[in-house]
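Here is a short report for a reader who is new to this structure. Please look over the sequence and the model before reading on.

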Amino acid sequence: MAYKNGEVQRAAKQLKTRFAKLDDKSSIRRAPELTALYKRLKIIPPDQRASFGKDVNQLKAEVEGWVGAAREPRVELNPIDVTAPFDINSPPPALLPAKSGSRHPISIELQTVLNIYSRMGFTAVESPELDDDYHMFKSLNFPEGHPARDDYDSFVTDEGYLAPAHTSTMQNRVLRAGKKELEAGKAIRVVIPGRVFRNEDVDATHEHTFYQLEGVYVDRGINAGHLIATLKTFLEEFYEQALEVKTQPFYFPFTEPSFEFAMSCPFCRKKGCAVCKFTGWMEILGCGMIHPNVLAEAKIDPARYTGFAWGGGIDRLVMMKYGIEDIRHFHSGSLKFLRQFR
Amino acid sequence: MKVSVNWVKQFTDIELPIDKLVEKIGAQLGAVEEVIDIGKRYQGIIVARVITSDRHPNSDKLTVCKIDDGGVVKKVSRDTQGYAQVVCGAPNVEIGMLTAWIPPGVTVPSTFDKEPLVIEAKEIRGVVSHGMLASPKELGFGGDHSGLLAIDEDIIPGTSFTKAYKLDDHIIDIENKMFTHRPDLFGMLGIAREISGIQNTAFHSPSWYLNPKLIDAQSTTAQLNLQVKNDLPRLVPRFCALSIANVSVGPSPVWLQSYLMRVGIRPVNNVVDLTNFVMYETGQPLHAYDYDKLAGGSLVIRYPKEGEGLTVLGGKNLSLHKGTIIIADAVKAVGLGGVMGGAGTEVDDDTKNIVLECANFDMNAVRNAAMEYGLFTDAATRFTKNQSPLQNPAVITKAAEDILRLAGGNLASPLIDDKSKLPQLQRINTSSDFVNLRLGLKLSSAQMAALLNNVEVETKPSGSKFSSNVPFWRTDLAIPEDIVEEIGRLYGYDHLPQELPPRDLTPAKLDPSISFKSRVRRTLSSAGANEVLTYSFVHESLLKKVGQDPKNAYHIRNALSPDLQYYRLSIIPSLLEKVQPNIRAGFGEFALFEIGKEHFKGATDRDGLPKELDRIAVVVASKDAKPGAPYFAARKICDYLLDELGIGGVFYEPIDRQKTSKTATYYDSDRTALITVNGQKIGRVGEFKQSVSSALKLPRYCAGFALHSNKLVNLSSPPSYQSINRFPSLDQDLCLRSTTKLTYAALLEFLKKQLDKASAKHGYGFDIFPLDIFQRPKDKSYKQTTWRIRLWHPGRTLTTAEVNELIDQLSKEAKNRLKAARV
């Protein structure tokens, strides 16, 4: 394009040369030639300003055109027949080789975990990713404004819905759903996998998005010894070896008594290694006897029925099993990571 | 909660070695985060007396001292009288004083955990100094570095510093979270009680705690008029205060400083230190005000006035919010109730008269204040655990007596005890059966009573039943299950019998949705696709890049990162974001998939909660172009998946451009199909708009599809069987030239209909599939589709003649009805 003003004409030529060399084409908008013209526009005598301004604006539009053209090479595509299985004059597309496929390590391990629990008699049901205060706190014996709520840095939507910080959001639901069968003499045995969220910064060992598995068992005569034995049985099946377990007293509003549950390190058999930080033990989950208020909230009579519940992270299980050093790999979407898990 | 073992020993005996004690605390009280052996820090430090102190020949500020250590330190050079020579820079050094000597070869305690500084004998300006005399700071007793630690007790020189101050101690740091419901465990007294209990021995609280001889209002001649006015009795159920006149404020004795140091409290002065000391004994926070700085000699508990502010200890200025509990004098705010005192009424070295406060604040109100003002103080930590309002008179009496003893002065007001309705002491009735059933134990009620009585939960068994009186400091005990927890813990959970629950043989039901997704995962990975997990939350810019309206997405109001502003409306955009990074990482061709949930604002479920849509999403990409449009590569995977899942009757229909989707905004409508199964919409497959492509830097060869997982579950069927044909089948190819506009599906449907007719008439079985679609570059309005038709008869061998006749008939119909000529 030709410009009346020589200054603009020269700038246009320089810009064109510059543009050809640029990697990031849109950065041409900040080119010194353009900046110089804008500055010049402010100080130019009023009688010349109109025609100079017009030229500058035209040049600007031209440059925008270059950027647009570079960004979107509007390819004219042949129309396709979407009802056909392959394109005109083309061979039918082939699938990628099966060996390049992979499942996410969290899915793989979760499936293993669910299979074991299924064999132990537990049904499975998923937890939601968007829930309300009732299921996150109230039904779990967290009174309004209770300081124990501070331990869960929950994401909250404008409407007041919560991104669940634990899979316990399902406790009330599975208890209510199982009440009828329970009263007909069938125990409630459910495990609940789910994606959970904590509003915290991400680093090699912290994620705002992670995976948990919750378990609930309610029947007549269920006691804390049953809880410890159930978890031990699962862990021994999962790690395919005999393990020692121990509990530490803990506090959760929704269980009483509450425990932190630890197992002897399955990787070094208690000798001490990097995974267990040379202690021989690993704390892996929280658990306890379901609080009577939680049972009562689901209309189950705590005088007749007792039960236990537990919840633990899946991510750490997977990280320990494969020696994954950085939790951020899980959501990276990187094929370098994913294709290692067939 | 940092616990000093020697401090605890003032209340109870501990026979166990430290490692066994820590193990027992972990198993029966709460997880131990750390154990610090502080005795190690003070190893080798000796109490010494300064015998002479002379000016250093080459310095104005330094002195050269001879010190007496009773000759206990070996390998140090001494003068003829047996004294060691130390160069000292402290202004307060004087002949006859006792202080702490760090001899050569010993580490400076304050450097112990960082870069240990080991003192050596060395020349300082020409004079040899054998070790150093230590300041409180160097000993780890707070920040005072202005002079030497002046030992204020008559200790024989040569005594080890550790022995003199019981520093052969361990600090056991127990996780606070365990004590969320246990206010009593934020004091050494409460910890001692539990340690006694888990050692199976009876604990006896000191009488000043259980049966205090309260400071008698009658016995004091009120010299300082003190008034308390409580406008917030519901939030501050109890407020105890008294005044003390003529105190001497100064540094605390070394023993007191040494105790505060162990639990991480910086010594300030004797009055403030004692309030902290008593708090660490009982869990009950206290506060001391300078009486002369309180206008009107009064304390008012009220809400802030409009625009009122407060400068708290440490200098932070707060503008007070509506609803905050404040303590005020007649004019101004002087403290943030239950959290922190004000700087203006601080007790300092010039203070003569003080007011001591020992109050009870509502836990939720304190929690809100701590969070609103970002002040997470020791007091707030304790009040948020629900401190008992029944211990205040005992605690304030203890603190007042300690202050009178260490700081002098006299009681100058009666003990003011402003209280509203206080909680009644509870009694919990339960039975050994109730407890045993929940723990799996076989303990008698007498055994249970013994465990409870050890921790002063007074319990009397009668038969299998027993009733327990809840002591006033246990605000957590209310229901029989609380007693179950106590007994289990005190007995030891590790002693519970570990038996699996009895279970019938009913097989566990499989969740159809979970097993289905697992099947999808296997199928897609066998098609060479890679499963990814991406976040459920997205940045607003991603929604905009793909043309979605953020108004339709749930907005997160408190996300720390802008990357997590919205719940995603669909999964495809999250997958598209992962395409370019993988291409850059050197992957030329790949398919990504994710099975996840989508949320659309406004859509609700039966229970009124946001509806969650289970979705299977797949994206294929190739850095380099490939023959054919990428649409067909995506569709190929979709076909494979649906086929493997046993889903038949699948149709791909051009989409109706009038019906725009609010979520699937990223598809190029000319190159996208709606996927239906028997008329039911199950998803879309397509290529992406060029705007989306360029915004996400996608390669040209990129397409994807998404399916409703919930709908597919019900459509999926197991493989079906057809009896094997005994007679050979015959293949015949048919090539038809038709207009390009005639869709593949229309042509196929027509041919199938014709074949169906013939099949019905002659009993044929048939199969038809495409071999090739050809178009001459110069003739784009026509195409040639080649079909292979396979025919058989279940009862006989077909002849070529009859097959040819059928194909001829088919061609004729195609020509007449569709103007599709056989080539």
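The centres of domain 1 of chain A and domain 2 of chain A, taken over C-alpha atoms, are 61 Å apart. Domain 1 spans 6–71 and domain 2 spans 105–338 in the assignment for chain A. Such bounds come from an automatic or database domain assignment.

This is a predicted model, in which local features need pLDDT of at least 70, side-chain atom pairs count only at pLDDT 80 or more, and totals for chains, interfaces and linings use all residues. Residues are numbered from 1 along each chain as its sequence is written, while chains are lettered from A and ligands numbered from 1 in the order in which they are written.

**Where the chains meet**

In chain A, 95 residues are in contact with 104 residues of chain B. Contact here means C-beta atoms, placed from the backbone, within 7 Å. Helix α7 (residues 224–239) of chain A gives the largest share of chain A's side, 8 residues. Helices (H or I, at least four residues) and strands (E, at least two) are DSSP runs, numbered from the N terminus. By class, that side of chain A has 42 nonpolar, 29 polar and 24 charged residues. Ala, Val, Leu, Ile, Met, Phe, Trp, Tyr, Cys and Pro count as nonpolar; Asp, Glu, Lys and Arg as charged; the others, Gly among them, as polar.

**The cores**

The largest nonpolar core has 295 residues. A nonpolar core is a set of buried Ala, Val, Leu, Ile, Met, Phe, Trp, Tyr and Cys residues joined through C-beta atoms within 7 Å. Buried means 20 or more other C-beta atoms within 10 Å of a residue's own, exposed means 12 or fewer, and partly exposed is in between; C-beta atoms are placed from the backbone. Val218(A), Leu356(B), Val618(B) and Val619(B) have the most contacts inside the largest core. Its largest share, 8 residues, comes from helix α18 (residues 630–644) of chain B. Apart from this core lies another, of 9 residues, including Tyr3(A) and Leu59(A). Leaving aside neighbours within four places in sequence, Val218(A) is in contact with residues including Leu175(A), Ile290(A) and Tyr305(A).

**Two crossing helices in chain B**

Helix α12 (residues 445–454) and helix α13 (residues 480–491) of chain B have axes that come within 10 Å and cross at roughly 85 degrees. So α12(B) is roughly perpendicular to α13(B), a label for angles of 65 to 115 degrees; under 35 is roughly parallel, over 145 roughly antiparallel and the rest oblique. Axes are lines fitted to C-alpha atoms, for helices over the stretch in contact, and angles run from 0 to 180 degrees between N-to-C directions. Among the residues making the contact are Met448(B) of α12(B) and Tyr491(B) of α13(B). The contact residues divide into 6 nonpolar, 1 polar and 1 charged.

Ile483(B) lies in helix α13 of chain B. Ile483(B) is buried, with 26 other C-beta atoms within 10 Å. Not counting residues up to four places away in sequence, Ile483(B) touches Ile428(B), Thr430(B), Val435(B) and Ser468(B).

**Backbone details**

| Residue | Phi |
|---|---|
| Lys277(A) | near 55 degrees |
| Glu456(B) | about 65 degrees |

Lys277(A) sits in the loop between β7 and β8 (281–290) of chain A. Lys277(A) is exposed, with 11 other C-beta atoms within 10 Å. Glu456(B) belongs to the loop between α12 and β24 (458–462) of chain B. Glu456(B) counts as partly exposed, with 19 C-beta neighbours inside 10 Å.

A cis peptide bond joins Glu256(A) and Pro257(A), with omega about -5 degrees. Pro257(A) is in strand β7 (residues 255–264) of chain A.

Technical notes
Contact = placed C-beta atoms within 7 Å.
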